[in-house]
Each structure stands twice: as structure tokens, then as C-alpha cells.
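Please walk me through the salt bridges of this protein in the viewer. Tell me what to select at each stop and what is there.

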Amino acid sequence: MESNYFQNIVNAEYNRKYDKYITYGTAGFRTKSNVLEHVLYRMGLLAVLRSKATRAAIGLMITASHNLEPDNGIKLIDPAGEMLEASWETIATNLANVQDSDLIHVLTDISIKENIDLSTPAKVITGRDSRKSSPILLNAALAGIRALNGNITDLGLVTTPQLHYIVVCINTNGAYGDPTLQGYYSKLATVFKSIKGAEKNNKKYTSVLNLDAANGVGAIAVKEFQRYLMDALDINLFNDGSGSLNHMCGADYVKVQQTMPLNIPSETNVRCVSIDGDADRVVYFYVDENNKFHLLDGDRIATLVAAYFKELLTMSGLSLQLGLVQTAYANGGSTDYISNVLQVPVACVPTGVKHLHKKALEFDIGIYFEANGHGTVIFKDTAKEVIKNHAKNEKLSEAQKTASTKLKDVIDLINETVGDALSDMLLVETILHAKGWDIIEWERSYNDLPNKQLKVSVRDRNIITTTNAERHCLTPVGLQEEIDKAVSKYSRGRSFVRPSGTEDIVRVYAECENPSDVNKLAVEVASLIYRLADGVGPEPS
Ligand code: G16
């Protein structure tokens, strides 16, 4: 049956027109949009096989998230809303790179090795971001899905987290929520309004914020949210799609450059939010009366959320295991605060929400955030059950009842399927409102160590390999020893390097105690990479 089954997949329009090897990176395939059509066609084919293998709906999102407009990419979403299972990333990479003449053979091989019953129906839910190249790439993916008779639901322009959400809603027959965009907006907005109550403001908290939507698809979602939230949150929207995508705006720009995005007014102490091009990351920031920029990134969100959950668990009398997952990018100040002040167990894993999500599943309540603002909270089903039953317990004191009801309600505010900038923002707003905090109060909990990120272009970024959750460099030989020497010169110094899985560059992270040293350390390490890993372009200075 196999060879017959695949006979319709030959389509000259989507022949391989690019011979560079392409790999499934940190969050899917990502490169220049004009070389991706055949990859998207093949991923359409693969999505059908994955759906058959899992006997569930699969998500396929066309996006390059934080990258600039010329790039594009694809993220595949597994049935439970997670990123594609790791073993299938290798399958995807192989499929993306084979010669056209080997395609049928490789697909047949996948179906045999994965023991796929090809008569199982397949369902693929697709979505795309607002890039100009996305419709063409979506057509390529749809052609691939159709070639294997997969059933398609195309959601059109959606944020990545909306697609994750709808995939899970479909696969749980609506138990997670109504599988529509209206269902998504309505679920989050309803809970937000109900937890926050009628009081818009509380002590230092005011409901006004400035939001930078990176000129991406998130702007559409924000406008839609505003209709559902009504006046529960007063969002002033900037970079709403009329400018260039992620160009000097968006969460990645604000986090890496540690500066205001284009177009956001410098209003003293006003809470500002940046999301990225597909709205799966969020960071907060403000400028003070001296026009100094302050960033409250994913680490700050993680600590705010962890402290809130810890408080609610203690107040409700529940003993569920709370844990936090970070990456090497987490600021040393945040890790110290989590371990020593909050006393919440903290784990460190390699970059990529796929790694954080997996680790967070080990806790009853797992909070995971990358410093870049990508993260969420996930709950074990058993923990949800315990919380729900506890909130119904009539023997609880008034304080215990209030806390456990809040805990139960807040679960519905969180998009557990993946990091979701807008759901995360509503969670932060809920917590700040509950505490009566402005952004300055929030920032007071701990001090970040001064830190800096740089990008270095090298001939082949894959010659950099790492271990120990990316904190230690294995190759090129000798690089780690040189980094260690550089770091040892600075008090509380730390630095690591790793190849990006979304851009053709090597990333450098540096932090140390003295703000005037951090740039020196970052440049020193960047120069080491440039010299030992065959840098291209101008040497970092
Ligand atoms: C993706 C991943 C994130 C990761 C980021 C940067 O985000 O989902 O987990 O932190 O890429 O990865 P890298 O440092 O390997 O380039 P997004 O928002 O771009 O999809």
C-alpha cells in the first residue's frame, strides 16, 4: 500500500530549489523566506503523517517569530500543544533535505519505522503570521497536506499561541476550551475580568499600559482582545502593523538592546509591554524620571508569578510542588532570588521552550520562562483536580477559600499549551492588580546583574558545541578556557556562547557586578569567538 499511497506527492512546483542543508532549529525551520517553499510542502506531508501517527490533530504555523521580515519559517505543534517531539525533529530535518527523487522512499520509510496506519484520517490545523511571504508558504504547506488527503482547518492570520490553543481544544473535544478564536478571546477575557473584579485600579496599580505589538500578527489579536476586555485594561497600542515587522521594536529588540522600541512615547514610569512577531513572548519596561530605561524581562515575570503562586498555595493550605525552569540566559540575580528568597526549586535547561516545557511537567505546578519573555505555567491534571476540590471544601477558613478559589480561577487565564504573550500579560496584570503594585514596586523585589547580549557572525555556527545546559563550550577546543580566563577578571562574572537555532549567528551572553565592565566582558568573549570560530565581517569591538 505504501508506494501507492505516496504516488501523488510528486509536484514539480515544490521541487527542491536550494541545496544548503537546513535543520529543524530551536523552534522549527527558519531562514530566508525565498528558499523555503519546498520545505513547507514537505512539512505539509509530514504533518499528515504525524497526525496519523498520533491519531490527533497537528498544528502547522507559518512564522519566523522574532526574526526580521525577509525570514520565515514553520513551527509544528504536537497534539497536546507542545512543540514537535524531539525524535520527529530529526525526521523533519531529513525530509527537508532529501533529493526530490528520494522523497517517496523517505516518506515510505517514515511510515514503516513509525508504524503508521496510513488509513487513519489526518487533520492539520494551519495558521500564519503577517509576513508578506506567509501566504505563499502556506499554499506550499496546504499543497503538501492535500497531496496526502489530510483534512485542513486553516485559521488564517493567528498568533502562534492561538494555534497551539486551538489544537489542544480540538484534541480534547472542547474540554480545554472552545476551539475557535472567539473561544480563545472569550475564555481569557472572561476570567481576567472576573478575577480582577469591578475595581479597575488598586493602590499603585492603574489599568493603563502602552503596548508595542512589533508590527506583527499580535496587533490583530490585541485589537480583538480590546473588544472582549472592554475597559478592564486600557491598552494604548503602538507598532500595530503599519510599520516594519520587528524592526527596532518587539520583545526581542527591547530585551537584547535594552532600550525603548520605536514609536512608544517616553512617559515617565508608565508600564510598557512589548510582544514579538508571533506574540509568544512578552517583556515589560518603563523609563524613570531621569529617562533611564528599566527592563522587566521573562525572569521578572517568572519570579512575580512564582511568588504569587507560592503565596496562594500557602494561604489556601495546599501542599503542591511548585517549581521553576530557566535557561542559562536567566539573570544571576533572579536565580539567587528564586532559590534564596522564594525558596522555590529551580532547574536550568537548554534554550528552547520545548526543553523548558518538558522539565516543567515534572512539577505539580511548573513555571517556565526564558529571560526573553517566552514562557507559561503548566499544571498536572492531578494538581488541577486537587485545587478544584479544595476550593469546594466547606471546612476551609474564609482566607483559605479565597486563596484556593483564586488559584482555581487563575488556571483558566493561562494558556498552558505554550508561552503566550497576551495570556502572560493578563496574568502579570492580574498579579500587579492583586498586589496593588505599579511597575516600580514590581522591580523592587531583586536587583538584576548588569548583562549584555551580542551576536557574532561566523562561517559555520555549528562548530560551536556546548554542554551542561549550554553553560560550557566543548568546541572549538580551547574556547571555554579562554572564556573562563576572561570571566575570572570580573566580579560575579559569567559568560557563555551558543549557536542560535533561529538565526545564522552565535549568541554571546555576559553578566557581571559592575555595569561599566559588562560591555568589556561581552566584547572580549565575542572577539574570542571571532578568532577561534572563523568570524566573518568586522571583528566585535
Ligand atoms: C524561539 C524559541 C525560544 C528561543 C528563541 C531564540 O523563539 O521558541 O524558546 O529562546 O527562539 O532561540 P535561539 O537563541 O536559538 O535563536 P521565537 O519567539 O523566535 O519563536
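The model is predicted, so local features need pLDDT of at least 70 and side-chain atom pairs count only at pLDDT 80 or more, while totals for chains, interfaces and linings use all residues. Residues are numbered from 1 along each chain as its sequence is written, and side-chain values use heavy atoms, with hydrogens and water left out.

A salt bridge here is a side-chain nitrogen of Lys or Arg within 4 Å of a carboxyl oxygen of Asp or Glu. By that rule there are 35 salt bridges. Helices (H or I, at least four residues) and strands (E, at least two) are DSSP runs, numbered from the N terminus.

Start with Glu524 and Lys489. Their closest N and O atoms are 2.6 Å apart. Glu524 sits in helix H18 (residues 515–532), and Lys489 in the loop between helix H17 (479–487) and strand E18 (494–499), 35 residues apart. Glu524 is partly exposed at 24% relative accessibility, and Lys489 is exposed at 54%.

Next, select Arg50, Asp78 and Glu85, which salt bridges with shared partners join into one network. Within it, Asp78 and Arg50 form a salt bridge of 2.8 Å, N to O. Asp78 belongs to the loop between strand E3 (71–77) and helix H3 (86–97), and Arg50 to helix H2 (residues 37–54). Asp78 is buried at 7% relative accessibility, and Arg50 is buried with a relative accessible area of 7%.

Finish at Asp252 and Arg281, a salt bridge of 2.9 Å, N to O. Both Asp252 and Arg281 are buried.

Key:
Buried < 20%, exposed > 50% of the residue type's maximum accessible area, 1.4 Å probe, protein only.
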